[in-house]
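Here is a short briefing on one protein model. Keep the sequence and the 3D view open while you read.

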Amino acid sequence: MSASGAAPGSLASYRPALRPRVLIGDALLDGAATVHLIKDAETGNSFKVGAKEHFLIARMDGGRSLAEIGEAYAGEYGRRLADAHWQQLLALLGTKGLLAGAPAPKSAQAPAPVPEKRTLLRGTLPLVADADATTARLHRAVGFLLAPWAMVPLLALILAMEVVVLARSGELLLAVRELFGNPVLLTGTAVLLWVSTALHELAHGVVARHYGGRVAEIGLRWRLPAVIMYCTVDDYLYFGSRRHRIATAAAGAVMNLLFLLPFCALWLFAPLDSATHEAFAALLLLGSVQAFAMLVPLPPLDGYRIAGQLAGATGLAASAGAYVRLALRRAPEAAAYPRRARIAYPAYVSVTVLVLALIVAAVVAAAHHLLTA
């Protein structure tokens with residue numbers, strides 16, 4: 001160790017730098033611990049580190065020496081790192097290929113992707129050769145809608161539409177019942193809902209691209225009888241703003257509701273024949289249910305990703321369940337959780353239970369209305 005004790009003498013002047021594509025996430029709750037996610041965007045490898053390791057790694061920008069980083073660490077945590085600690089950390093980062101100038105070892109290389117075996121019953125099929133470039137073109141075409149001057153009026157229209165849907169839900173329920181008796185209109189409505197699902201996935205990609213993320217793949221996934229489009233978004237967990245991460249997760253459901261706006265206008269104001277009028281009414285209810293179902297805070301739905309960002313946690317469902325079980329048993333281990341966890345975990349469980357109760361109540365009310373209408 002050097003005379004200052006800040007870093008080993010032979011390495012005190014070394015100025016480590018991470019590779020440009022190394023991404024470091026914000027602090028997240030992980031059970032009772034606080035962790036940071038780190039990802040090598042070139043290989044796709046990711047792992048968790050604790051707060052102290054993050055403090056050191058985040059300062060490896062090539063401009064600060066180990067002596068300077070060590071002094072900052074001593075000021076923050078009241079202790080200095082021994083030679084063995086520095087050597088262990090640098091060896092770990094080097095082994096994972098995260099340090100600039102260090103060769104990326106074979107273990108850090110991205111393995112060649114193994115394509116999923118496609119069968120008649122299940123499989124995936126990429127639709128474009130360069131999903132990121134495709135998303136970039138889509139963003140250039142429609143990205144202006146993400147500006148506040150456009151998004152705020154659109155969200156206001158969505159709110160007004162959902163007020164109408166709620167106020168006339170009885171009428172819409174009866175329209176859904178009638179729809180199932182008309183195979184032609186039922187097929188058309190199903191196609192429109194599928195298109196809405198495809199746009200849902202593309203919306204995730206466009207919004208992620210807007211905030212600097214990367215789209216790895218766009219394609220079709222089938223688990224017969226279901227066939228859906230998917231859009232794999234990389235790096236959104238590492239956006240610098242929590243608001244941007246939440247917006248990316250919520251983009252799909254918002255797109256589902258935006259898709260309904262012209263049909264709502266036609267249903268309310270256009271001179272339609274009775275069959276088409278009822279089909280649009282059914283589409284409004286089914287499409288709204290589709291959108292809000294994605295916001296239920298259970299994995300793997302978008303609502304769960306939003307809840308994780310609001311709570312600032314990774315593995316939220318498992319961590320919340322473990323903490324609540326400890327708290328209900330009044331186990332002493334519950335007291336070891338940080339205050340933020342003691343608030344976030346019960347809040348998540350309470351909100352989830354409330355949402356599920358509301359869903360059950362809505363289903364019961366809908367069934368009662370249909371049976372008595």
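A nonpolar core is a set of buried Ala, Val, Leu, Ile, Met, Phe, Trp, Tyr and Cys residues joined through side-chain atoms within 4.5 Å. Buried means under 20% relative accessible area, exposed means over 50%, and partly exposed lies in between (1.4 Å probe, protein chains only). In the largest nonpolar core, which has 26 residues, Met161, Leu260 and Leu284 touch the most other members. This is a predicted model: local features need pLDDT of at least 70, side-chain atom pairs count only at pLDDT 80 or more, and totals for chains, interfaces and linings use all residues. Residues are numbered from 1 along each chain as its sequence is written, and side-chain values use heavy atoms, with hydrogens and water left out.

**Overall layout**

- The protein has 12 helices and 6 strands. Helices (H or I, at least four residues) and strands (E, at least two) are DSSP runs, numbered from the N terminus.
- Its C-alpha atoms fill a box of roughly 85 × 55 × 45 Å, taken along the principal axes.
- The protein has 373 residues, and 40% of them count as buried.
- The accessible surface is about 19,700 Å². Carbon and sulfur atoms hold 66% of that surface. Accessible areas come from the Shrake-Rupley method with a 1.4 Å probe; for residues, only the protein chains shown count as cover.
- Contact means heavy atoms within 4.5 Å. Take the contacts with a separation of 6 or more: 66% of them join residues 24 or more positions apart.

- In soluble globular proteins, nonpolar side chains tend to be buried together.
- Return to the largest core, where Met161, Leu260 and Leu284 touch the most other members. Helix 5 (148-167), helix 6 (169-179), helix 8 (242-269) and helix 9 each give it two or more residues.
- Which residues does Leu260 contact, leaving aside neighbours within four places in sequence? They are Met161, Leu283, Leu284, Gly287 and Ser288.

**Leu286 in helix 9**

- Leu286 sits in helix 9, which covers residues 274-293.
- Leu286 counts as partly exposed because its relative accessibility is 26%.
- Leu286 touches Val176, Leu179, Thr189 and Leu193, not counting residues up to four places away in sequence.
- Leu286 and Val176 are 110 residues apart along the chain, yet their C-alpha atoms are separated by 7.9 Å.

- Helix 7 has 28 residues. It reaches 40 Å from its first C-alpha to its last, close to the 40 Å expected at 1.5 Å a residue. The expected span is 1.5 Å times one less than the number of residues.
- Just after helix 7, Gly212 takes a positive phi of about 95°.
- Leu120, Leu121, Val191, Trp194, Val195, Leu224, Val227 and Ile228 form a nonpolar patch on the surface. Together they have about 710 Å² of accessible area.
- Patches are made of residues with over 30% relative accessible area and no salt bridge; like charges are joined within 9 Å, nonpolar side chains (Val, Leu, Ile, Met, Phe, Trp, Tyr) within 5 Å.
- Helix 7 (183-210) and strand 6 (226-234) each supply at least two residues of the patch. Helix 7 gives the most, with 3 residues.
- Ile228 is found in strand 6. Is Ile228 partly exposed or buried? Ile228 is partly exposed, because its relative accessibility is 37%.

**Salt bridges**

- A salt bridge is a side-chain nitrogen of Lys or Arg within 4 Å of a carboxyl oxygen of Asp or Glu. By this rule the count comes to 11.
- Asp30 forms a salt bridge with Lys48, and the closest N and O atoms are 3.1 Å apart. The pair links distant parts of the chain, 18 residues apart: Asp30 is in strand 1 (residues 22-30) and Lys48 in strand 3 (residues 46-50).
- Asp30 is partly exposed, with a relative accessible area of 24%. Lys48 is also partly exposed, at 45%.
- Asp234 and Arg214 meet in a salt bridge through their side chains (3.2 Å, N to O). Asp234 lies in strand 6 and Arg214 in strand 5 (residues 214-223), so the pair ties together parts 20 residues apart in sequence.
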